[in-house]
Amino acid sequence: MEQERKIDVFCYRGGRCLVFDLEDVKKLRIDHHIAGTMIGTVPHLPQQNAFHTIPLLLSPDEVALLLVENIIQLIDGTRLSPPATNEEVKEFQETRRLEAHKNLVATFIDRKRKDRIYSKPRSRTNSTTEEVMQVDQAETTPTLEKETGQDAPLELNEADFDLENLSSKDQEFVRSLEGNEIITLEIVSKRIQRHRVPIWDEPGEEASIRWTYPQTLEERSNFVVFRDLWQKGLYLSSGLKFGGNFLAYPGDPIGYHAHFVILIKGYDQPLSILDLVSFGRLGVTVKKTAVLATVRWDSGEMCQVHPHLSLPSWQVCLHSFEWQG
């Protein structure tokens, strides 16, 4: 039986782990109950942040879980995109300059066209359709206002556009555009960075890296609780906005609201009655069941859950709270 292909996860500085393949994102979500967080920009809507697309950002707990379950393989993404050469930097800067100039000219021509349409009122009484069309065509032709005050029809393009030929008013308008970053946004958003070296050094040799999470006791507690809830068939996401460690969903977060807000505490960590009441009230406020999770670590021998991860035996304890009255 052929072994199932592992999903490629690219790791970058700061521990950011990304999935770029859409089929892999669907597989993680549907088959493995891992939602992650979309952080990519929609190409045709670059100036909004309500909707996102690939790549998919995985949390450290999600990465550790998928490694333990042998679902993914980590690849050093920083090695795949080495720093740009001086020639590439110059090419990018020149392309950006030309495109910005092109956009500036187009914006100026559009402004001049609108100015001429609205600044010359005309009467069309007793005018024929052919006469009206001729007037429209004449008034929408881009022209330059020279210092003499006379209109000189001119077909504007990058070569003909010269700041010295413009009136003082037009020069002031052009200078205001030159400081506008929106003019250069279009070309920047269209330049998609691609890997410039092969993913594999040699056939069969993976550019993999060593994953070190979890290390501290708090990180280990978060991971084993995350894994325990995931094994129960729940989807999980960050619960920071709701005052907890995780949010737990009975199904895909696209179709379900979270039913539980999970707060992780040390097994021997004191918990005052005030904190307990506050957490219970918090669950009522956000309309979710408050769940207190603790991890009881055994002092026996270490358990090898992954080649890079050894943990002592543990037991996850979950306690739910509901506020009455």
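Trainee: Where is the place of Pro 214?

Mentor: First, a word on the source: this is a predicted model, in which local features need pLDDT of at least 70, side-chain atom pairs count only at pLDDT 80 or more, and totals for chains, interfaces and linings use all residues. Residues are numbered from 1 along each chain as its sequence is written, and side-chain values use heavy atoms, with hydrogens and water left out. Helices (H or I, at least four residues) and strands (E, at least two) are DSSP runs, numbered from the N terminus. Pro 214 is found in the loop between helix 7 (182–190) and helix 8.

Trainee: What is the omega of the peptide bond that joins Tyr 213 and Pro 214?

Mentor: Most peptide bonds are trans. The bond between Tyr 213 and Pro 214 is cis. Another cis bond joins Ile 54 to Pro 55, with omega about 15°, and Pro 55 belongs to strand 4 (residues 52–58). For Tyr 213 and Pro 214, omega is about 0°.

Trainee: Which residues line the largest cavity?

Mentor: A cavity is a set of points, on a 1 Å grid over the protein atoms alone, where a 1.4 Å probe fits but cannot get out; lining residues have an atom within 4 Å of a point. Grid points are joined across faces, edges and corners, and a volume is the space filled by probe spheres set on the points. The largest cavity has a volume of about 60 Å³, and helix 2 (residues 60–68) gives the most to its lining, with 3 residues. The lining consists of Ala 64, Leu 67, Val 68, Trp 211, Tyr 213, His 306, His 308 and Leu 309.

Trainee: How many charged residues are in the lining of the second largest cavity?

Mentor: Here Ala, Val, Leu, Ile, Met, Phe, Trp, Tyr, Cys and Pro count as nonpolar, Asp, Glu, Lys and Arg as charged, and the others, Gly among them, as polar. The second largest cavity, with a volume of about 40 Å³, is lined by Phe 108, Arg 111, Lys 112, Asp 115, Lys 169, Asp 170 and Phe 173. Its lining has 2 nonpolar and no polar residues, and the number of charged residues is 5.

Trainee: Are the planes of Phe 226 and Phe 246 stacked or edge-to-face?

Mentor: Rings of Phe, Tyr and Trp (its six-membered ring) pair if their centres lie within 6.5 Å; planes under 30 degrees apart count as stacked, over 60 as edge-to-face and the rest as tilted. The structure holds 4 aromatic pairs. The ring centres of Phe 226 and Phe 246 are 5.4 Å apart and their planes stand at 65°, so this pair is edge-to-face.

Trainee: Which strand holds Phe 246, the partner of Phe 226 in helix 8?

Mentor: The pair links distant parts of the chain, 20 residues apart. Phe 226 lies in helix 8 (residues 217–231), whereas Phe 246 lies in strand 9 (residues 246–249).

Trainee: Does Asn 70 count as buried, partly exposed or exposed?

Mentor: Buried means under 20% relative accessible area, exposed over 50%, and partly exposed in between (1.4 Å probe, protein chains only). Asn 70 lies in the loop between helix 2 and strand 5 (72–76) and has a positive phi of about 60° although it is not a glycine. Its relative accessible area is 45%, so Asn 70 is partly exposed.

Terms used
On a 1 Å grid over the protein atoms alone, a cavity is a set of points where a 1.4 Å probe fits but cannot get out, and a pocket is an open set with protein on both sides within 12 Å along at least five of seven lines; lining residues have an atom within 4 Å of a point.
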